[in-house]
2 protein chains.
Amino acid sequence: MVTMKDVAKAAGVSVATVSYAFSKSSKVSATQRERIYSVAADLGYAGPNIAGSSLRSGRIGAVGVIVPDSPVQALEDPSVTLLMKGIAEIGNSADIALTLFPASRGGAADSPPNSLVLRGLVDGVVIHNVPDGHPLVEAIIARGIPAVVVDSPRSAGLPFVAIDDRNGAYLQMDHILKLGHRRVGIIVDKLDQRTDCRMATLDDVGAATERNARERLAGYLDAARDHHLPVEDLSIVVAGNIDRAAGDEATRILLEFAQPTALVATSDVHAVAAWQVLRERGLAVPGDMSVIGFDDAPVAELLGLSTIHQPIVEKGRAAATILLDRLGGGTRTRSLMKTSLVVRASTAPPRG
Amino acid sequence: MVTMKDVAKAAGVSVATVSYAFSKSSKVSATQRERIYSVAADLGYAGPNIAGSSLRSGRIGAVGVIVPDSPVQALEDPSVTLLMKGIAEIGNSADIALTLFPASRGGAADSPPNSLVLRGLVDGVVIHNVPDGHPLVEAIIARGIPAVVVDSPRSAGLPFVAIDDRNGAYLQMDHILKLGHRRVGIIVDKLDQRTDCRMATLDDVGAATERNARERLAGYLDAARDHHLPVEDLSIVVAGNIDRAAGDEATRILLEFAQPTALVATSDVHAVAAWQVLRERGLAVPGDMSVIGFDDAPVAELLGLSTIHQPIVEKGRAAATILLDRLGGGTRTRSLMKTSLVVRASTAPPRG
DNA sequence: AGCCGATGGTGAAACGATTAACTTATGGTG
DNA sequence: CACCATAAGTTAATCGTTTCACCATCGGCT
């Protein structure tokens, strides 16, 4: 491996000078710097080794994104990959790499605490959709690792990027109720760690540890109140996971226990799954049942799914911008995004 | 920051002992190890600092994936995110993080060579869909950085994971010709660096620097020959980019210069885009025109797109497995995957 | 002439961890 | 009882950079 020492020797200068050259310090003249670069290129020196550099300077040139559970699950969710896209865009132009972490391990019982994040593999992190109180998040806060939270503004003192979930949910339910629906089924993505699919009461949702679920439900209730709809007419099912399978299951459960004329989902993934299930059962959308999602993932446009648009990529950009600002000593704290209703072909007035 | 030294002092042992404890070496007894862990936990020590550890040991605990151009583009392509999913799955269980890199910068003219990959931010990389001869790939090979290539087995000496593109393409075209189509349009994703959308001749495609394009075209020609179809009846258009917009444009160009009864695309993204364009023009699929894609991305199933299935997630798993094996001193070299035809609702015999 | 402030450079001490080589008990064996 | 292998530690060198504190040189000013 060729090191700075080799370059220094070949260029006939001290290691310090080479280091200053690579950091573009004014301590070395422009001509000297160019000379050093060319010597370095001849030797095949790729630039300061990250480990050495990071050890001394404390900066490593990468930021991480922490996603719930494992990246495995997350990478199938477009709202996660698009967020990453936004982060990558900003990181890219600052020559900062993006690293993925699972939020799972905070230190298993028998093994030593071992989190690559806490051990300094990245300079800072974007925390997405991880429940507050999660050991990893707590540890990150405790150790003062720069972090930005996306979608969960509660985290004590951390800067955040979010949408107004309650209002988004309101728009969603309001649209359905305005169309005249009175029996509405709701598919909530996740209340807490539980990943099983089940019916839930209003109280269950109100007591959820996932902020999203609580906020959006609040929005649904706001809308129901404004339209004088008794809350008993809402059937709620929890999917447990954000994937097709969970959406299928949730839909089946819902159809078994209730006869809604409209289906409101907190995620496009579930809305799409529901649509498929309905189609398989020979039910027409929106003829027999209206379906509306949340996120406006690319697939929503393809299928013609009515949904609530949220600027996911922009959220990623905003999070990265705040994080980089913080890493540079800045003090930006938050960014709020707007949502809007997108009406497509999956919603219509109830039959009859 | 709390270091190993602090833990050692608090536990009344040497730094070496703490290090051995964390690496689970037999040089420290189990009871001692537990004691050290608990002291570490009390102090809030998160485990060996990556920079220090990596500097000394040469291992950093992360692998990278290099995607064409910027992660920005790639993160919108499901065939890329699903590959990442596969890699992440394997990395995850080995406690190895996944880092994203753009293939763009190999060292701009005026600035010093500066690639986080070459500077050791990761232990090894999966190179996906990057044209051979790319400066970054060359540099990686030159420096002996462990790497696995996905989808481009040409790279001298590098282990690889791939499908039989030629056969996959054959299956695709064979299906269309068996249905009786004789005027077929082809949308090829990318021939080389050019990102503009244009018509192409057989020679253009044959001379492409992208291996995928050449292989798949060869498969199309094989099928045409077997069905006694004159190659002049094939119209080829190059999309230039793998995104919706490029697919739209390619379709429009194709419809302008030819009157195919079937459309064969080298990517589901383009096939879906084409379908949308046809729908907008009031053409029925498969009534007025058949459409078939390649990849079997999740959206293909949703829309009912006929396509060639390839196991993308498994490709990621295989690549990661080979890479980790190499990092551990192993010598695995390759893994070949199978493709298969999936007939759904977008293909049918030509009208009349 | 003498002094001063730039400019362009050097030397050497960290940074935090790993690991080869050495040391010291401890227990087992002939 | 002497001898030795093993277990459980310790010491110290080392990894590649960064950066603080110094130092020389030189032109310009009084």
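Guide: Let's start with strand β1(A): six bridges join it to strand β2 (residues 97-102) of chain A, and the two run parallel. Strands here are DSSP runs (E, at least two residues), helices are runs of H or I with at least four residues, and both are numbered from the N terminus. Two strands pair if DSSP finds at least two bridges between them.

Visitor: Before we go on, what kind of model is this, and how are things numbered?
Guide: This is a predicted model, where local features need pLDDT of at least 70, side-chain atom pairs count only at pLDDT 80 or more, and totals for chains, interfaces and linings use all residues. Residues are numbered from 1 along each chain as its sequence is written, while chains are lettered from A and ligands numbered from 1 in the order in which they are written.

Visitor: Back to β1(A), then. Which residue stands opposite A:Ile66 in β2(A)?
Guide: That's A:Phe101. β1(A) also pairs with strand β3 (residues 124-128) of chain A, in the parallel sense over four bridges. There, A:Gly64 stands opposite A:Val125.

Visitor: Why is strand β1 of chain A described as largely enclosed?
Guide: Six of the six residues of β1 (residues 62-67) are buried, so the strand is largely enclosed by the rest of the structure. Buried means 20 or more other C-beta atoms within 10 Å of a residue's own; exposed means 12 or fewer, partly exposed is in between, and the C-beta atoms are placed from the backbone.

Visitor: Which residues are on each side of β1(A)?
Guide: A:Ala62, A:Gly64 and A:Ile66 are on one side, with A:Val63, A:Val65 and A:Val67 on the other. In a regular strand the side chains alternate between the two faces of the sheet.

Visitor: How about strand β9 of chain A, buried or exposed?
Guide: A:Ala262 and A:Val264 point one way from β9 (residues 262-265), A:Leu263 and A:Ala265 point the other way, and all are buried. Four bridges join β9(A) to strand β6 (residues 184-188) of chain A, running parallel, and three join β9(A) to strand β10 (residues 290-295) of chain A, also parallel. A:Leu263 stands opposite A:Gly185 and also opposite A:Val291 in β10(A).

Visitor: Zooming out, how many helices and strands does chain A have?
Guide: Chain A comes to 14 helices and 13 strands. Of its 352 residues, 55% count as buried.

Visitor: And how does chain B relate to chain A?
Guide: Chain B can be laid on chain A with an RMSD of 0.2 Å, by a turn of 180° and a shift of 0.2 Å along the axis. The two copies are thus related as by a two-fold rotation axis. For this, copies are superposed by least squares on the C-alpha atoms of residues with pLDDT of at least 70 in both. In chain B, the C-alpha nearest the axis belongs to B:Thr99, 2.0 Å from it.

Visitor: There's DNA too. Which residues come nearest to DNA strand D?
Guide: Of the 28 residues around it, A:Met4, A:Ala16, A:Asn49, A:Gly52 and B:Ala16 come nearest. A residue is near a strand if its C-beta atom, placed from the backbone, lies within 6 Å of it.
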